[in-house]
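Please look over the chain shown here.

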Amino acid sequence: MGKTVTKILTNLKKINDLIQAATKRANREAEKVQIIAVTKEVSVERTQEAIDTGLIHLGENRPEGLNRKTEAIQADVHWHYIGSLQTRKVKQVINSIDYLHSLDRLSLAQEIEKRADKPVKCFVQVNVSGEESKHGLSIEEVLPFIESLKSFTKVQVVGLMTMAPNTDEDTIIRSVFKQLKQCQQQIAEQGFAHAPCTELSMGMSNDFEIAVEEGATFVRVGTALVGNERGERDEHEK
């Protein structure tokens with residue numbers, strides 16, 4: 001076993017232990033939380049090493065990186081597109097992914113409907129914090145938007161996604177995640193066939209424990225799990 005695989009396994013055990021503790025505090029089952037290994041800052045080789053540790057959910061945020069990895073890696077894994085997706089680039093990625101975490105406008109849904117060969121599991125992106133720097137719908141816009149997708153056959157709304165504000169204040173982060181959970185429950189209660197909305201994509205390397213406590217079913221972990229080869233190269237060259 002290579003040094004990198006061993007390092008990723010060590011990181012994975014640490015993250016799994018933290019998730020286990022967070023679900024215990026929240027009286028949840030740890031098995032209900034999936035780790036997405038965000039591989040956007042690492043090579044095809046490092047991504048393959050992550051897969052070798054048993055990770056099966058992988059996240060990319062650019063068409064180029066996604067396509068490079070899906071072409072090189074022939075493994076039974078689930079690819080998640082976690083970045084903002086320009087409408088004109090839908091055709092480059094939509095048939096290579098299993099999940100899209102950034103559905104935030106009707107024009108994007110229309111392009112998915114046009115380009116996808118099969119239904120795509122989508123998370124509606126919600127800008128809970130209201131920050132101008134973040135993409136996504138407001139809480140108030142979520143239900144009308146999802147209702148507008150009823151006739152779409154290639155867009156399946158499996159859940160909601162948000163990003164917490166860039167702050168060290170746990171209470172603020174927790175409030176954002178709690179609001180998304182409440183919104184998700186509201187949508188799920190509608191019983192929409194096209195939008196079961198049972199999933200929550202929230203929490204990253206620095207706040208996934210809080211996200212898990214508040215109901216996350218998918219957490220997006222990059223540097224803390226697979227490292228950052230760009231940063232590692234910079235460090236090595238100092």
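Predicted model: local features only at pLDDT ≥ 70, side-chain atom pairs only at ≥ 80, totals over all residues.

Helix α3 covers residues 63-72. Its buried residues are Pro63, Gly65, Leu66, Asn67, Lys69 and Thr70.

## Overall fold

The chain forms 10 helices and eight strands. Its radius of gyration is 18 Å, close to the 18 Å that the globule rule gives for 238 residues, so the chain is as compact as a globular protein of that length. The C-alpha trace spans about 50 × 40 × 30 Å along its principal axes.

Of the 238 residues, 50% count as buried.

## Surface and charge

The accessible surface of the chain is about 11,900 Å². Carbon and sulfur atoms hold 45% of that surface.

There are 31 positive and 35 negative side chains. The centres of the two sets lie 2 Å apart.

## Cysteines

How many disulfides does the structure hold? The count is zero. Take cysteine 183: its closest cysteine sulfur is in cysteine 197, and the two sulfurs are 7.1 Å apart, too far for a bond. The cut-off for a disulfide is 2.5 Å between the sulfur atoms.

Are these two cysteines buried or exposed? Cysteine 183 is buried, because its relative accessible area is 3%, under the 20% limit. Cysteine 197 is also buried, with a relative accessible area of 0%.

## Histidine 194

Histidine 194 sits in the loop between α7 (170-188) and β7 (199-201). With a relative accessible area of 9%, this histidine is buried.

Which residues does histidine 194 touch, leaving out those up to four places away in sequence? They are Ile146, Leu149, Lys150, Val155, Gln156 and Val157. Phenylalanine 152 is 42 residues from histidine 194 along the chain. The C-alpha atoms of these two residues are separated by 7.8 Å.

## Glutamate 214

Glutamate 214 is another loop residue, placed between α8 (208-213) and β8 (218-221). Its relative accessibility is 13%, so glutamate 214 counts as buried.

Its contacts, apart from neighbours within four places in sequence, include the basic residues Arg174, Lys178 and Lys181. Glutamate 214 is also in contact with Phe177, Leu200 and Met202.

## Leucine 143

Where is leucine 143 found? The answer is helix α6, residues 139-147. Not counting residues up to four places away in sequence, leucine 143 touches Gln186, Ile187, Gln190 and Phe192.

Glutamine 74 lies 69 residues from leucine 143 along the chain. Their C-alpha atoms are separated by 38 Å.

How values were computed: Residues numbered from 1 in each chain as written. Heavy atoms only, no water. Helix = DSSP H or I, 4+ residues; strand = E, 2+ residues; numbered from the N terminus. Rg over C-alpha atoms; globule rule 2.2 N^0.38 Å. Buried < 20%, exposed > 50% of the residue type's maximum accessible area, 1.4 Å probe, protein only. Areas by Shrake-Rupley, 256 points an atom, 1.4 Å probe, with all protein chains shown as cover. Charge placed at Lys NZ, Arg CZ, Asp CG, Glu CD. Contact = heavy atoms within 4.5 Å.
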